[in-house]
Amino acid sequence: MSLNRRVFLTQSTAVAAAAVLPNISVASDTIKLGSILDTSGIFDAYGKPMDLAMRLAVGEINSSGGLLGKEIEIVAYDTQSDMALYSQYGQQLTRQDKVDVVHGGILSASREAIRQTMRKSNTLYFYNVLYEGGVCDRNIFINGVTPAQQVEALVPYALEKSGPKVYILAADYNYGQITTLWIKKFVQENGGETIAADFFPLDVSDFGSTIAKIQAAAPDLVIAPLVGGAHLSFFRQWAASGMKDKIPLASTTVGVGNEHKVLTPEEGNGIMVAYNYSQELDTPANNEFKRKWEDAYGDSRLIHEIAVSHYQGIHTWAEAVRRANSFERDEVIAVLETGLSINGPAGKVTVDPKTHHAILDVHIMEIENQGMTVIETLPQRQPIDTQEVCDLEANPNDNTQYVIDF
Amino acid sequence: MAGSFSRDVIATIGLTVVVIWILPYVISTFTITVLIVYGLLGLSLGLVWGYGGILCFGQAVFFGIGAYTYAISAINIGESTLPMLLSIIVPSLFAALLGAMMFYGRLTDVYLGVITLVVTLIFYRFINSTAGPHYKIGNAQLGGFNGIPGFQTLNIPGQPSSYIWGDGYFYFCAVVLAIVYLGVSILLRSDFGRIIVGIRENETRMSLLGYDVRARKTILFAIGGGIAGLSGALFANWGEIVTPSVFSLGQSAEIILWCIVGGLGTRFGPILGAAGLSYLKFLLGQQSFVDNTLITGLILVFFVLFLPKGIVPTIVNVWDLKFGRLLSDRFQKPRRNRKLRLNG
Amino acid sequence: MDYFFVILIEILYSIASLVLIGAGLAIIFGMMKVINLAHGEFMMLGGYVTITSVNYGINIFLSILIIAPATVGLIGLVVERLVIRNLYSRLVDTMLATWGLSLFFIGVVTMIFGNTTTGISTPIPGFSIGTYQVGGYNIFIIMISAFLLISAYFILKKTRAGLIARGSMQSAEIASALGYSPDRVYMMTFFCGSALTGLAGAVLAPLVGLVPSSGGAYIAKAFITVIAGGPSLVVGLVSSASLFGIVNQLFTFLYSPVVGEVALLVAAVILLRLLPRGITGSFFKDRL
Amino acid sequence: MAESILETFGLTMKFGGVIAAHNINFKLKARELRCLIGPNGAGKSTFFKCITGQQTPTEGEVYLRGMDTSRWMPHQIASLGVGIKTQTPSVMNGLSVSENIWLSARRFHDGPEAKRKTREIIERLALGAIAKDQLGKLSHGERQLIELGLVIVGDPWLVLLDEPAAGLSGEDIERMTTIINEINKTAAIIIIEHDMQFIRSIAKIVTVFHQGAVLLEDRVDKVMSDPTVRNIYLGKRN
């Protein structure tokens, strides 16, 4: 870790030296918001609603007079679910289009592909997606929930509803690995026991032997942070083998991309989840948001967790600009770091000054007839995982994605 | 093998100068850089397939090994010179090993395709499943699906804090491509190169003439692997992150597509194909009217059906028909003497 | 003991699904020496046809067993007439063209259905062996595969169509000597191969979440199974599917699905290195 | 009696269930010219392939100049000084005549010498006018001749010719005969042929293959008048 950091520091000083290019902002009537999302290719189920949410948010701001009297101009690129295009369009946004802020990135790999570019070019960057946590960089603001925020809420509830023996099935990448560590930690703290954890690459779609293995191990609860289309097969095969009514399921991912709407009620009902948002959230703010969405696009069933995070991220930025009365990166960051809050469709969202992550409401929910019914709401949860390793107030030059050691 | 070598050198230098001076007015240098890197990758398969007749479905493996070798060694060493060299050596050794296994096992055609395809898949699967904290080489965490970000990027040899980036990196890549292109030209003009072309034309005959076909194919395969590895390292430096997608079948497939569209059996064709199609992909990303994959697919089918030789050879043919005839009229050959005669 | 049965069923299921995945490709490759790289997309189309027709309220078994194969067969026919026909005996070109088609189909399906995962649930409930629950649909897949293999064997062995098919596999001239234009034989072959592929995609659809790029997961496996099987159609398919199915499942049970997949791939490399002409190129010669 | 440069002992080649060559014992002396005849599928071409290493015999051995080469690779055998012209011309169709010849010359000679040798062969076979032409565009007869050119560049001491006269006109056959006699001054030759006229004009001893085995080996006139041979092979033709 220490060497990593040394490298980063030398790198960033060199970059700072090289990046003293004059950033002359020509007075104009618009300001540019860069958007970089996969709106085609295999991740477009996440990206398309995010794109719609972004346009909705910008539309609202513009129709109420813009920001500081200027209209927001969207500069959007479709990265086609190709990580190489992130680097390319990231450069395009910062060097050629010279945007004032960038919102976007979906997978962690895509964020890491552009994060340094944004940092080097002093372009404020918002990443508004549920992810594995640990990014510590003063130039980025992260608006999605992190594993600890979810797991801290989900595990005690799920353990109480089932029993102490837990079997974990996780997607084999950073998110899955890190989430698994947090699950293990909270299972232990709540008096349970993790009897096994299996990891699956994102394209595994045959879970037959795994289901047999689970039965041999006979857990009381299966927690499944599985990701993507192929992994959805697990829930289907689990139900098909008749296991669904025997061992309860919990997940930190089903529903993020509206997966629960693909599963039939027989397959999905009863899966326990914990997120910041649900379409079934019956609050004035959410009903208002859904109404606006329907007015703009018709079908509000497309709305999902990260589309809402994205929407909230854009409003957070806009609010900070208003309060700073400036588009300058440093002034906007300074305002954000005061612990700025906004009220979004999913409730109050507050910027955590130490980590630049979000303090937000987490709802424990159960999937019911292709919807997510809220069981319990835990207000204003701290991003405790990232807080353990990251303190930007103390180390403003930090530029690392930490992996939390247990 | 038409044209003299000196003409090649002049053309290469001329083209490089055009790319460096004029193209940046049209396309941003950052984008041209990656087009150049892909051009280099296209050239590597263009050499192996177009001149050696080896259809490798897994050229991306060497690209990926190059990129990962660079990233891993750059994190551990903290300076870029040795990692650059390693990213050529390691993939080319691996290619030599794989090539020896295939060619000495007398595998051809379809079976060669299957093996290279399967090796690609193995790497892709393996690298994708290295998210766990125990997958660590020295200080470098392999990172699974998310890849490796934040490694030391290219610096002036011996000065780890003097980075070559931005426009400087663009010039660097352009010059690398020009050098490799000339290197390939020299190789193809050498006896080895001409023998390789003979093997492409008729492997059986060449072995019946006494050439050890297996060894030569292995060497060529290793050279191609090295070039692909170099382009992988350049790609890593450009994107400042490496992810398992460099090993994906899609990546391998794209390289084949570049060669087909640009033209096999030429050096310039695959480079043009790579740069052209990647730029097209980049442009298509700015519209959402038609699905990109669909267009790529149609281009491929169209070329196989109607322009199976690719763009560059077709243009050359048309050129020859138009202007070549004038020349050959002037230097009309004496009428063929069809009589078989035995002198001495 | 119960656990042993569960494992046995999983292994059989694994073999059966490899047979299903490989069957269409094997027929087209065996008879026409065409490697159809759009094979995975034909399966994906079979899946989408099934899901769409089920969503329109058509009986699921009707959709799987009749509608999907027929539709994909027809698509195959069109593809053969428009593209493949022009490329016979150009192995590499057919591979490239069909690969282009695969991208084309992915694009078309994406434009129609989007990239969102879709799926239907399995129509057959699970049952228990001792204390274990097993998917009933897995048994259905095993039965379908067995049925396909047995009928393929008898058709090839006993019927006139089988005779023509076997003749064409030896050389196109034999078919014309029997009084059939190779052109028509090829057309029929491609139709049958595509229909079978569509069936495979349809049968597997209820077990997986389907996206337009799902085909990619199948093509490599199908390719490996068929090539490793070697020249004999039925015996080759069964022997390589068995080998890979067993290797895959054993390693999956012992370690994890990743190790299982990698073990399968490594087994394929070793096999082709030792038997460059596939299993039936060296053993079980002159069988079907 | 001169030493044998080629000997096979019990050479047998099986493909699956089919026996293509069965227990062939064969001897050839230096600078001998031998013809192999026999109906299609008699195992003549398989016999050639076993000598050149294109196929590894299932059983038995091949000795070339006293060395057991049964398990050698084709290029190793070719490097000894064995050349073959295959049944259909096997040449580099995409390359020019001089490139083809050069490729053969380069195998045995270094840079400048290879070039000199290429020019020499082109002149010797009177190919100057078509030296720059692509082989794929030439006639069958021209390609036959060029393939022969490829074979003789390396000054082999054993040359195998699989149907050299097939598809040639009468005039060209005469020339082919001259070339073969020329090669025969320095090398032993085995020729597979069906053209009896041609065989009569060229061969002294003929070996008859039938169903993968050697049926008979004798002087050409004796073979031609042998009733069994006439029955199985010539009978159908005459």
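How many residues does helix 10 (residues 284-297) of chain A have, and how far does it reach from its first C-alpha to its last? The legends below start with that helix. They describe a predicted model.

**View 1. Helix 10 of chain A, end to end.** Helix 10 of chain A runs over residues 284-297. It has 14 residues. From first C-alpha to last, helix 10 reaches 20 Å, close to the 20 Å expected at 1.5 Å a residue. Gly298(A) follows the helix. The phi of Gly298(A) is positive, near 95°.

View 2. An α-helix has 3.6 residues a turn, so residues three or four places apart point the same way.

**View 3. Chain B on its own.** Chain B has 13 helices and 4 strands. Its C-alpha atoms fill a box of roughly 75 × 50 × 45 Å along the principal axes. A compact globule of 344 residues would have a radius of gyration near 20 Å; chain B has 21 Å, which agrees. Of the 344 residues of chain B, 56% count as buried. Take the contacts in chain B with a separation of 6 or more: residues 24 or more positions apart account for 76% of them.

**View 4. Chain B against chain C.** Here 32 residues of chain B are in contact with 34 residues of chain C. Helix 5 (109-128), helix 10 (249-262) and helix 12 (292-306) of chain B each supply at least two residues of the side that touches chain C. Helix 5 of chain B gives the largest share, 12 residues. By class, this side of chain B has 23 nonpolar, 5 polar and 4 charged residues.

**View 5. Chain B against chain D.** In this view, 26 residues of chain B are in contact with 29 residues of chain D. Helix 7 (191-201) and helix 8 (203-208) of chain B each supply at least two residues of the side that touches chain D. Which helix of chain B gives the most to that side? Helix 7 does, with 6 residues. By class, the side of chain B that touches chain D has 9 nonpolar, 8 polar and 9 charged residues.

Notes:
Residues numbered from 1 in each chain as written. Chains lettered and ligands numbered in written order. Predicted model: local features only at pLDDT ≥ 70, side-chain atom pairs only at ≥ 80, totals over all residues. Expected span 1.5 Å × (residues − 1). Contact = placed C-beta atoms within 7 Å. Nonpolar A, V, L, I, M, F, W, Y, C, P; charged D, E, K, R; others polar. Rg over C-alpha atoms; globule rule 2.2 N^0.38 Å. Buried ≥ 20, exposed ≤ 12 C-beta atoms within 10 Å, placed from the backbone.
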